[in-house]
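Dear colleague,

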Amino acid sequence: MRVRVIAFAAALGMALFDAPMARSHHSNVAFEVTKVITITGVVKEFQWRNPHTWVTLAVKDANGKTVDWSVEGRAPGVLLRAGWTRDSLKPGETITVDMSPAKDGTSTGLVARVTKADGTILPNAPPPTE
Amino acid sequence: MTKRKMLSGAILLTLATTAAAADFAGVYYPLQPFGRGTGGQAGARKGPPPRPTQSAPLSDGSQGRAPDAPSLTPEYMAKWEVIRKSRMAGSSEYDNTAKCLPPGMPAMMNMAYGMEVMQTKDKVTFFSELNDALRRVYLDGRKPTQKILNDPTYAGYSTGYWEGDTLVVDTVALHPNSFIEGFSPHSDAMTVKERIRFTGPDLLEDRITVTDPKALTKPWETVKTYRKAKPGTDELREFACAEGLGDAK
């Protein structure tokens with residue numbers, strides 16, 4: 001995982017911003033949804049909020065510099081049915097996030113899946129109904 | 001025939017008609033809310049991560065129009081190209097739900113986050129958890145007045161009747177500031193016809209036909225299928241979109 005993150009961060013190079021991103025409210029069109037990249041970092045904040053949840057995590061880039069990523073997840077109602085709660089992620093814990101990166105090259109993404117340090121997987125949708 | 005016999009005949013006929021009406025009340029989820037192979041159980045497994053969302057073609061139009069997309073007239077195709085360019089650039093300018101506006105009919109029947117149906121003899125009400133959107137279908141024989149027709153809304157004005165166990169619904173007075181299936185623009189002349197019925201145990205089907213003489217070269221048809229929720233997932237939650245509206249861009 002870590003290797004993929006480093007490769008991705010290196011590829012983006014200067015495109016990565018140091019400043020934490022404003023937590024804008026997007027539709028899916030803001031993201032490269034054909035791509036899924038993986039980052040691992042330490043949770044700084046978890047916002048259990050409509051219409052989209054947000055996780056901010058500190059991720060070390062290729063140069064060892066820490067970059068804050070803000071990743072956008074589905075609404076609390078959907079995530080609750082997918083197995084999340086408002087206490088699913090705690091500041092200080094290490095998580096891995098599979099996500100689609102933002103088109104604008106900022107350190108933001110659309111969450112596909114979150115994996116906790118103990119291996120617990122938090123999917124972005126409830127099990128299918130069929 | 002005596003008066004009494006005629007009366008009992010009329011009562012029996014009424015009872016038969018009433019008995020044929022189905023009871024749609026309950027909470028439902030669409031069979032493929034976010035596209036095939038995304039999230040859910042796919043996301044719950046180890047291995048290659050799933051894409052967060054998968055609509056074909058992509059919701060930003062970068063892969064063109066789907067073969068089953070509404071057939072737009074040249075005028076509305078030109079409007080679609082403008083919307084597509086905006087979306088491909090990552091803008092939410094033409095995405096009503098991102099701005100916490102109602103998705104509108106018929107797009108709201110996608111019901112990606114779940115649907116609750118409330119039903120009485122005279123009215124069926126559809127609620128969408130996504131964007132807390134609501135629509136009412138009047139069954140008591142009323143028709144839209146000119147005042148209603150002059151005042152379009154996102155959900156429109158719906159009247160319906162039972163054909164056996166099928167609810168037939170006509171929707172008019174639709175706000176032009178919405179998108180047919182979430183992407184294609186339409187005019188103020190758009191109308192929507194639906195045939196809603198159970199097709200299997202707990203399987204509700206909505207056959208939707210959209211007509212728009214200005215925007216469409218032919219009526220557009222789509223079918224939505226929903227499964228009734230089981231205990232444990234049969235409660236929808238509050239969406240409260242405006243919580244994040246201050247951050248919208």
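Which residue takes a positive phi in the hairpin of β3(B) and β4(B)? That residue is N131(B), with a phi near 65°, and the hairpin has 4 residues between its strands.

The model is predicted: local features need pLDDT of at least 70 and side-chain atom pairs count only at pLDDT 80 or more, whereas totals for chains, interfaces and linings use all residues. Residues are numbered from 1 along each chain as its sequence is written, and chains are lettered from A and ligands numbered from 1 in the order in which they are written.

Helices (H or I, at least four residues) and strands (E, at least two) are DSSP runs, numbered from the N terminus; two strands pair if DSSP finds at least two bridges between them. Strand β3 (residues 123–128) of chain B pairs in the antiparallel sense with strand β4 (residues 133–138) of chain B over 6 bridges, and T125(B) has R136(B) as its bridge partner. Strand β2 (residues 115–119) of chain B also pairs with β3(B) in the antiparallel sense, over 5 bridges.

V124(B), F126(B) and S128(B) point to one face of β3(B) and are buried (20 or more other C-beta atoms, placed from the backbone, within 10 Å of their own; exposed means 12 or fewer, partly exposed in between).

In helix α3 (residues 74–88) of chain B, Y76(B), W80(B), I83(B) and R87(B) are buried. They lie on the same side of α3(B), because they cover an arc of only 60° around the axis (taken from the directions from the helix axis to the C-beta atoms). On the other side, P74(B), E75(B), A78(B), E81(B) and V82(B) are exposed.

Yours sincerely

Terms used: Expected span 1.5 Å × (residues − 1).
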